[in-house]
Amino acid sequence: MTSDTSRSLADALSAGPVVLDGGMSNQLESAGHDLSDELWSARLLAERPEAIVEAHLAYFEAGADVAITSSYQATFEGFAKRGIPHERAAELLGLSVELAREAARRAHTKGVSRQLWVAASVGPYGAMLADGSEYRGRYGLSVAELERFHRPRLEVLAAAAPDVLALETVPDADEARALLRGVRGLGVPAWLSYSVAGDRTRAGQPLEDAFALAADADEVIAVGVNCCAPEDVDAAIAIAARVTGKPVVVYPNSGEAWDAEARAWTGRSSFTAEQVAGWERAGARLVGGCCRVGPGAISGISEALRAA
């Protein structure tokens with residue numbers, strides 16, 4: 001059974017929890033790939049596409065139901081900086097979806113019998129800048145300017161026919177407003193996921209206001225948070241569910257902290273199966289991990305959710 005011919009992700013969320021994958025970059029790095037590049041994992045779309053298939057496959061075999069594509073940092077502007085023309089950049093964006101589909105096909109061949117979906121990642125404007133501003137927002141651009149930036153990429157990704165568009169790691173309610181405008185009329189559902197600190201977006205807006213933007217957006221099938229500390233998830237679930245009435249998506253980081261000067265992760269993972277079960281009881285329906293969350297953790301999430 002494949003996602004092309006059976007129930008939608010929205011229908012699956014109405015029936016129970018669905019497991020997301022974990023961090024693409026840490027899985028690629030663990031396989032020996034150097035991602036010290038402004039394009040990050042998107043560089044491998046052109047140079048090592050097979051590595052991306054293998055990373056997706058590892059998560060499907062670990063228990064993930066949804067693969068998030070390697071297009072987070074893939075933009076026309078970012079590719080242009082590397083001398084990649086517009087037409088080739090469009091091909092690479094479409095390829096990100098096909099690689100995840102190929103991983104799903106291989107997973108089914110290897111005995112994974114459950115339905116699998118593909119989410120096309122749409123990162124924030126700041127991801128293209130590669131200067132950390134994706135965790136601050138407030139780029140000095142208007143909503144209209146941000147919509148003009150995002151819409152061409154959204155159109156190309158939608159044309160590749162993913163099951164859903166993942167509008168993720170959004171630091172700023174203004175950018176969320178632009179993205180929500182950008183997905184109109186594309187014919188592909190979306191989820192909206194903010195990067196947060198406590199009960200506010202990274203740009204400092206209250207989550208009540210940020211989530212409210214998606215409450216009446218018919219295209220949006222889930223709202224929530226990602227790339228945050230696990231400790232920030234509980235409050236976000238409650239706010240998202242109350243404000244929007246939609247299924248909640250959560251995929252935090254491991255809990256380790258990034259030391260920018262040392263360019264290394266410090267501390268210990270604070271991700272536990274008990275937390276995951278609590279998130280599901282609170283209303284989370286789409287649950288996985290982001291930075292530093294690998295297949296082992298996704299296997300634990302899968303077991304916790306399927307035992308709930």
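Which residue just after helix 11 takes a positive phi? Gly245 does, with a phi of about 70°. The structure is a predicted model, in which local features need pLDDT of at least 70, side-chain atom pairs count only at pLDDT 80 or more, and totals for chains, interfaces and linings use all residues. Residues are numbered from 1 along each chain as its sequence is written, and side-chain values use heavy atoms, with hydrogens and water left out.

Helices and strands are DSSP runs, numbered from the N terminus (helices: H or I, at least four residues; strands: E, at least two). Helix 11 covers residues 233-244. The expected span of a helix is 1.5 Å times one less than its number of residues. For the 12 residues of helix 11 this gives 16 Å, and the end C-alpha atoms are 16 Å apart, which agrees. Buried means under 20% relative accessible area, exposed means over 50%, and partly exposed lies in between (1.4 Å probe, protein chains only). In helix 11, the buried residues are Val233, Ala236, Ile237, Ile239, Ala240 and Thr244. Contact means heavy atoms within 4.5 Å. The cover over the buried residues of helix 11 includes helix 10 (207-212) and helix 12 (273-282). Strand 8 (220-226), strand 9 (248-251) and strand 12 (284-287) are also part of that cover.

Helix 4 spans residues 49-62. Its 14 residues reach 20 Å from first C-alpha to last, close to the 20 Å expected. Because 10 of the 14 residues are buried, helix 4 is largely enclosed by the rest of the structure. Those buried residues are Ala51, Ile52, Val53, Ala55, His56, Leu57, Ala58, Tyr59, Phe60 and Ala62. They pack against helix 2 (24-30), helix 3 (43-47), helix 6 (86-109) and helix 13, and against strand 2 (66-68) and strand 3 (117-122). Gly63 follows helix 4 and has a positive phi, near 125°.

Helix 6 has 24 residues. It reaches 35 Å from its first C-alpha to its last, close to the 34 Å expected. Its buried residues include Leu92, Leu93, Val97, Leu99 and Arg101. Helix 4 is part of what covers the buried residues of helix 6, as are helix 3, helix 5 (76-81) and helix 8. Strand 2 and strand 3 contribute to this cover too. Just after helix 6, Gly111 takes a positive phi of about 110°.

Helix 8 (residues 143-159) holds His150. At 0% relative accessibility, His150 counts as buried. Neighbours within four places in sequence are left aside here; His150 is then in contact with Val122, Gly123, Pro124, Tyr125, Glu175 and Leu179.

Most residues other than glycine have a negative phi. Ala161 has a positive phi, near 60°, and is not a glycine. It lies in the loop between helix 8 and strand 4 (164-170). Ala161 is partly exposed, at 43% relative accessibility. Arg292 also has a positive phi, of about 70°, although it is not a glycine. Its place is in the loop between strand 12 and helix 13. Arg292 is partly exposed, with a relative accessible area of 37%.

Another loop joins helix 9 (173-182) and strand 5 (190-194), and Gly185 is found there. Gly185 is exposed, at 73% relative accessibility. Gly185 and Asp218 are 33 residues apart in sequence and 10 Å apart in space, C-alpha to C-alpha.

A disulfide is a pair of cysteine sulfur atoms within 2.5 Å. A search of the whole structure finds zero disulfides. Cys227 is in none, and the nearest cysteine sulfur, that of Cys291, is 4.0 Å away. Cys227 is buried, at 3% relative accessibility. The sulfur of Cys228 is 7.7 Å from the closest cysteine sulfur, in Cys227, which is too far for a bond. Cys228 is buried as well, at 2% relative accessibility.
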